[in-house]
Amino acid sequence: MQDKINQYTADIKAFVTAKADELEAFRIKYLGTKGLVKDLFEEFKTVGPEEKRTFGKVLNEFKQLAEAKYNELKETQDSGPKTQDLKFDLTLPGEGLAVGSRHPLSLIRIEIIDIFKRLGFVVAEGPEIEDDWHNFSALNFPEEHPARDMQDTFFIKKNAGRDDIALRTHTSSVQVRMMENGKPPFRAIMPGRVYRNEAISARAHCFFHQVEGLYVDENVSFSDLKQTLYHFVQELYGDGTQVRFRPSYFPFTEPSAEMDISCTICKGAGCNMCKHSGWVEILGCGMVDPNVLENCGIDSKKYSGFAFGMGIERIANLKYVIRDLRLFSENDVRFLNQFKTEVI
Ligand code: DAH
């Protein structure tokens, strides 16, 4: 009897499982109505009085051990996972949580902000719903300028003139707010969403994003503008990227220019992205028109400045070789997941 108890005790101690069917077999084997504990108690009845004294205690301890083991395993099973239902290997490493990724336009915006911050520019923002003054008049747009036309601008309230309220068509409006509300020097970039009444296609959208730049101080010259933008392009697209400035016209700058960079995709050899010219335009810029400075209460005899404005989508298209603007606003995860490498 002692041998049997020793053997069963060792078996019970070695028994581990989280599986319900194995635990049930354990219960039947040891604690069931025809189980081994019961058998031992039956056997116990047949032994002599001498042995009864020795085995009484041993047998009770054995019964308690079997019950304790069963209860312990039952408890872990009730609170733990139902492993009998699991069809996979519990030792496999866990799967990572599916976290989102930054939108490509955010990645570019952050990169642009970082570059200008290192040059001492601060970030400023303004409202997307703007009045005529901040979006047009203060920026020296003549009354009859076509950009004020219903075709380009989403008007919210049209009162024919200075009281018009519209969705801003460019972030240049934030320049005006900044200059009206502060004192030079100004050195700021102003990212934001802008709206234009355009038919949606691969190349145009009714909303897109811009980053405006403004630098106003004493003795700011066109060469400061060129050097700043040249540095920006080297940082963003890599050393050796070429830039060229072409004369242009904007009502709020004089002189005005558009800046092209050597095509980052074909490196100037000619491709679809640069329409086989080797160059792509990435921004408009110029010296802030003295009228604009005066409109904002700044002495144009004392101060001068430069400004620039670029489309974030255009920059992203070139950086990531994206050919359809609509991808940016469709929220297709197959597109967005491609930008997942970035740590959030
Ligand atoms: N606001 C212009 C646009 O939306 C871009 C621009 C051009 C901004 C020249 C400027 C500038 O600040 O100086 O097309």
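Asn-140 is found in the loop that runs between helix H6 (132-135) and strand S3 (155-157), where helices (H or I, at least four residues) and strands (E, at least two) are DSSP runs numbered from the N terminus. Although Asn-140 is not a glycine, its phi is positive, at about 75°. This is a predicted model, in which local features need pLDDT of at least 70 and side-chain atom pairs count only at pLDDT 80 or more, while totals for chains, interfaces and linings use all residues. Residues are numbered from 1 along each chain as its sequence is written, and side-chain values use heavy atoms, with hydrogens and water left out.

**Backbone geometry**

- Most residues other than glycine have a negative phi, and most peptide bonds are trans.
- Pro-184 and Pro-185 are joined by a cis peptide bond with an omega of about 5°, and Pro-185 belongs to the loop between H7 and strand S5 (186-195).
- Another cis peptide bond, with an omega of about -5°, joins Glu-254 and Pro-255, and Pro-255 lies in strand S8 (residues 253-262).

**Surroundings of the ligand**

- There are 15 residues around the ligand, and those that come nearest are His-170, Ser-172, Arg-196, Gln-210 and Glu-212; a residue is counted as near if one of its heavy atoms lies within 4 Å.
- Helix H7 (172-180), strand S6 (207-217), strand S9 (279-288) and strand S10 (304-311) each contribute at least two residues to this shell.
- The shell consists of 5 nonpolar, 8 polar and 2 charged residues, in a scheme where Ala, Val, Leu, Ile, Met, Phe, Trp, Tyr, Cys and Pro count as nonpolar, Asp, Glu, Lys and Arg as charged, and the others, Gly among them, as polar.

**Polar contacts and burial of the ligand**

- A polar side-chain atom of Glu-212 lies 2.6 Å from an oxygen atom of the ligand, and a polar side-chain atom of Gln-175 lies 3.2 Å from a ligand oxygen atom; a polar contact here is a pair of N or O atoms within 3.5 Å.
- Taken alone, the ligand exposes 360 Å², of which the protein buries 90%, with accessible areas from the Shrake-Rupley method with a 1.4 Å probe.

**Domains**

- The domain assignment, which is automatic or from a database, gives domain 1 (2-85) and domain 2 (104-339).
- The C-alpha centres of domain 1 and domain 2 lie 80 Å apart.

Conventions: Polar contact = N/O pair within 3.5 Å; in protein donor to acceptor, adjacent residues only side chain to side chain.
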